[in-house]
There are 2 protein chains.
Amino acid sequence: MIGTPMRFARNTEIYGEEEAAEHLYQVTSGAVRTYKILEDGRRQIGAFYLPGDIFGFEAGDTHISSAEAICESQVLMVRRSALMIRAIHEKDLARQLWDATALELRRFQNHVMLLISSAEQRVIGFLRDMARRATKNAAIELPMSRQDIADYLGLTIETISRTFTQLEQKGVISLLTSRRVELRDHVLFHGFVRNLD
Amino acid sequence: MIGTPMRFARNTEIYGEEEAAEHLYQVTSGAVRTYKILEDGRRQIGAFYLPGDIFGFEAGDTHISSAEAICESQVLMVRRSALMIRAIHEKDLARQLWDATALELRRFQNHVMLLISSAEQRVIGFLRDMARRATKNAAIELPMSRQDIADYLGLTIETISRTFTQLEQKGVISLLTSRRVELRDHVLFHGFVRNLD
DNA sequence: CGTCGGATTGAACACTGTCAAGTGAGGTGG
DNA sequence: CCACCTCACTTGACAGTGTTCAATCCGACG
């Protein structure tokens, strides 16, 4: 995927909800969040995108979320229309576009699964997802704040903080710093952590 | 959309999770639910499909959910591969496929939004969605059980039942029977029901 | 009329939210 | 180099909401 490289400072908007979706984006460095503001003022984060991830891809002509850089980030920008035209002839490209859509659907479904479980399971699920996607190092680097995680998991910042502490006390994770987390292996490999008590 | 008509009895499987997604389906009568069984045994319903709705459409080669008929239902079945080949030449069809995908993404996003609010807001959101999609009559006919609603909204059957009762006491809905609900107009039109107390 | 499955109701309990206070690391200026 | 500030994060006490477990109700159907 080629495109125009662009830089975004921390907390700056990449696109807004309801804007025409003229571009696709790929993160090359940094991290991005998509979100919606609800009528009652709360913010729901739809997804986090890390280097390599494609976003802005909503299969319609308007964005259904806003997107912001979480930290200083670089993204590649490609015109959607150009891609779609090329995709008519290049089967590989068409395939990649469908795959990206399928991935997006899976992400949403996974998100729904997270939201119906307990606070502890939500946090573990979030960390497992981050661990799987991040560099395969022992420690995960979290680019997002506790508030971002809270708005992603539908919890409060206090509950996130408490849950991190409890998971550390149970020996499930190590908090090297507040933004660097180490997961115990069994948490990575088990499909589901049934009982941590 | 043409295809092979098929009938399914109440609670019978239409397709299973992880099966090859060889077909697309359109409901002609009855109602369908898609769901996943979680590792701890709970069931998460991903969506309900009513007459006219297209399902089995996950943009990948395998189904990410199972699908079942909620009640005696008829669906049209079309081979995906045939559709995809036709879509290469028929721009309208290709467009329809993208639109269906976009709709599915919006459904998931809407679902996520529901899951982060209170029990009362979840139920109201669910009913508004059903009202919008069902026949525009005053009363909504709910084909699904309380347990289905509970598994869709991430709540227990008891909470669903209690919330229905409370909404009726507040004058937001009328329960003609347990499966026939009438919504007050203001609930339909407001983007969000801010305060019902 | 009796039975069965789905739905409702009640009481006790667990979990998460709320509000408020406290802690800690990084950055700035004297 | 240290004092101070700021912002993010953590912790505590308590209230509110949803779950759990159990009993009961209701309607369709034999």
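Eight residue pairs sit in polar contact across the interface of chain A and chain B, both residues at pLDDT 80 or more (a polar contact is a pair of N or O atoms within 3.5 Å; within protein, one must be able to donate a hydrogen and the other to accept it, and residues adjacent in sequence count only if both atoms are side-chain atoms). This is a predicted model, where local features need pLDDT of at least 70, side-chain atom pairs count only at pLDDT 80 or more, and totals for chains, interfaces and linings use all residues. Residues are numbered from 1 along each chain as its sequence is written, chains are lettered from A and ligands numbered from 1 in the order in which they are written, and side-chain values use heavy atoms, with hydrogens and water left out.

The rule also finds two salt bridges across this interface (a side-chain nitrogen of Lys or Arg within 4 Å of a carboxyl oxygen of Asp or Glu). B:Asp61 pairs up with A:Arg95 in a salt bridge, and their closest N and O atoms are 3.3 Å apart. On the side of chain A that touches chain B, helix α2 (residues 91–115) of chain A gives the most, with 14 residues (helices are DSSP runs of H or I, at least four residues, numbered from the N terminus).

Now for the area. Chain A and chain B bury about 3600 Å² between them, with 69% of it on carbon and sulfur atoms (buried area is the accessible area, 1.4 Å probe, that two parts lose on being put together, summed over both). A:Trp98, A:Leu105 and A:Ile116 supply 21% of what chain A buries against chain B, more than any other three residues.

Conventions: Helices (H or I, at least four residues) and strands (E, at least two) are DSSP runs, numbered from the N terminus.
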